[in-house]
Amino acid sequence: MEENRFYVDSDKLTAEALDYKHRLEHDPSVRTDHMEYMDGMERISSDIMDKVLTQMNAYDYNSYTDEDVRRALMRETCSPEDFKALLSPAAESHLEELAQRAGAETARHFGNTVYLFTPLYLANYCENYCVYCGFNRYNDIRRKKLTPAEMEKEMSIIADSGIEEILLLTGESRSMSDLSYIGEACKLAAAYFRNTGLEIYPVNSDEYRYLHECGADYITVFQETYDPDRYEALHLMGHKRVFPYRFEAQERAVLGGMRGVGFSALLGLSDFRKDALASALHVYYLQRKYPHVEYSLSCPRLRPIINNKTISPVNIGERQLCQVLCAYRIFLPYVGITVSSREQKHFRDGMMKIAATKVSAGVSTGIGDHESKYHGLENESCGDGQFEISDDRSFEAMYGDISEAGLQPVLNDYVYVS
């Protein structure tokens with residue numbers, strides 16, 4: 001692709017690259033069509049995207065009344081229409097009732113358990129230009145890619161802390177983090193962890209099958225926003241620009257044999273109520289098509305990044321985020337819900353008692369810095385992180401806080417039979 005000649009590995013951008021960046025930002029005609037697949041992208045036969053976008057576009061959340069919310073809370077089973085009421089502004093005054101209903105659903109289906117995991121960033125090279133992301137190709141950060149030896153060192157440090165589930169992440173660059181590199185990381189992780197998740201660039205179903213054979217149990221893909229027009233304005237170049245290919249990533253992963261798939265919008269990029277509706281409907285329709293798969297939802301909000309501390313979520317505070325999480329739980333009672341370290345300690349602690357079933361601990365979004373984080377040793381060769389976190393509790397501290405709250409921390413609940 002012609003635009004790849006502007007990919008820069010070094011800290012500094014050439015004049016040509018800066019000129020192209022400026023044109024991307026100010027001249028939409030320079031950008032590729034965000035609804036058109038690029039060469040090599042698998043097309044699958046699925047009507048789920050059309051179903052989700054049709055309902056999202058028709059959603060008039062201001063039309064729902066207090067009575068609609070009360071009816072939705074009284075029903076034993078929450079329909080999509082009930083869910084729309086629970087996401088509406090009319091439901092904000094019923095937050096306590098939503099929390100009680102969500103807590104009851106969580107206890108019914110998950111008991112008092114909370115799962116723990118930690119992310120490991122393998123590389124921060126990226127070929128996309130997403131204006132809100134610290135890894136974007138035009139951001140001036142320290143780039144790094146872990147060698148296999150460095151990966152294993154990081155994994156050993158994390159495993160020694162007690163963690164049994166790892167989430168492996170990369171920037172979205174096939175040239176710097178190709179499929180074999182990620183596959184080798186999965187194989188290394190199998191020696192240290194019981195469960196391995198991936199948060200990488202979307203790939204084709206046969207490639208997901210390969211990664212599953214290497215040891216990956218599940219994948220997570222953030223759609224970022226389900227509004228195609230807003231998506232186009234935020235993702236200016238790279239493979240991530242292709243909206244439908246990203247939307248269909250979880251279904252391709254299911255076709256490739258992955259045990260589980262995770263979903264999320266980055267709340268605050270666009271209208272959070274419509275993005276929350278679309279995220280949950282995405283899960284809802286796939287769950288009915290592939291009932292054997294494990295599904296999970298995350299609820300991240302925007303966080304500041306290196307070189308842009310002003311980034312913040314649009315129109316979604318903690319009360320609104322709590323409303324979204326409670327509505328998720330009521331609508332999708334069997335689906336796991338993750339609350340990440342983007343959120344502050346008090347919020348995560350509260351949501352673990354209501355709707356959250358999984359939290360991260362001992363988190364770093366940098367590349368190769370777990371030794372410095374866990375043992376206080378300086379490492380100037382680390383790569384910069386993707387965003388700032390809010391809750392930096394260690395695994396030990398998080399485990400203790402969960403236990404003290406009367407909940408049961410769970411590290412792994414799978415038994416593998418060889």
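**Note on the predicted model**

1. Of the 418 residues of the protein, 60% count as buried.

2. Overall dimensions. The protein has 16 helices and eleven strands. Its radius of gyration is 21 Å, close to the 22 Å that the globule rule gives for 418 residues, so the protein is as compact as a globular protein of that length. Along the principal axes, the C-alpha atoms fill a box of roughly 60 × 50 × 45 Å.

3. Surface and contacts. The accessible surface of the protein is about 16900 Å², and carbon and sulfur atoms account for 48% of that area. Among contacts between residues at least 6 apart in sequence, 76% join residues at least 24 apart.

4. Main core. The largest nonpolar core has 120 residues. Those with the most contacts inside this core are Phe-83, Leu-86, Leu-168, Leu-198, Tyr-295 and Met-351. Helix 12 (residues 272-289) contributes the largest share of the core, ten residues. In soluble globular proteins, nonpolar side chains tend to be buried together.

5. Phe-83. Leaving aside residues up to four places away in sequence, Phe-83 touches Cys-78, Ala-276, Leu-277, Ala-280, Ala-327, Tyr-328 and Phe-331.

6. Helix 1. At 1.5 Å a residue, the twelve residues of helix 1 (residues 15-26) should span 16 Å, and the end C-alpha atoms are 17 Å apart, which agrees. Ala-17, Tyr-20, Lys-21 and Leu-24 are the residues to look at here, as each is buried in helix 1. These four cover an arc of only 105 degrees around the axis, which puts them on the same side of helix 1. On the other side, Ala-15 and His-26 are exposed. The buried residues of helix 1 pack against strand 2 (129-130) and strand 6 (235-237).

7. Thr-106. This residue is found in helix 5 (residues 95-110). Not counting residues up to four places away in sequence, Thr-106 touches Gly-111, Arg-329, Ile-354, Ala-355 and Thr-357.

Technical notes:
Residues are numbered from 1 along each chain as its sequence is written. This is a predicted model: local features need pLDDT of at least 70, side-chain atom pairs count only at pLDDT 80 or more; totals for chains, interfaces and linings use all residues. Side-chain values use heavy atoms; hydrogens and water are left out. A nonpolar core is a set of buried Ala, Val, Leu, Ile, Met, Phe, Trp, Tyr and Cys residues joined through side-chain atoms within 4.5 Å. Buried means under 20% relative accessible area, exposed over 50%, partly exposed in between (1.4 Å probe, protein chains only). Helices (H or I, at least four residues) and strands (E, at least two) are DSSP runs, numbered from the N terminus. Contact means heavy atoms within 4.5 Å. The expected span of a helix is 1.5 Å times one less than its number of residues. The arc is that of the directions from the helix axis to the C-beta atoms. The radius of gyration is taken over C-alpha atoms; the globule rule is 2.2 Å times the number of residues to the power 0.38. Accessible areas come from the Shrake-Rupley method with a 1.4 Å probe; for residues, only the protein chains shown count as cover.
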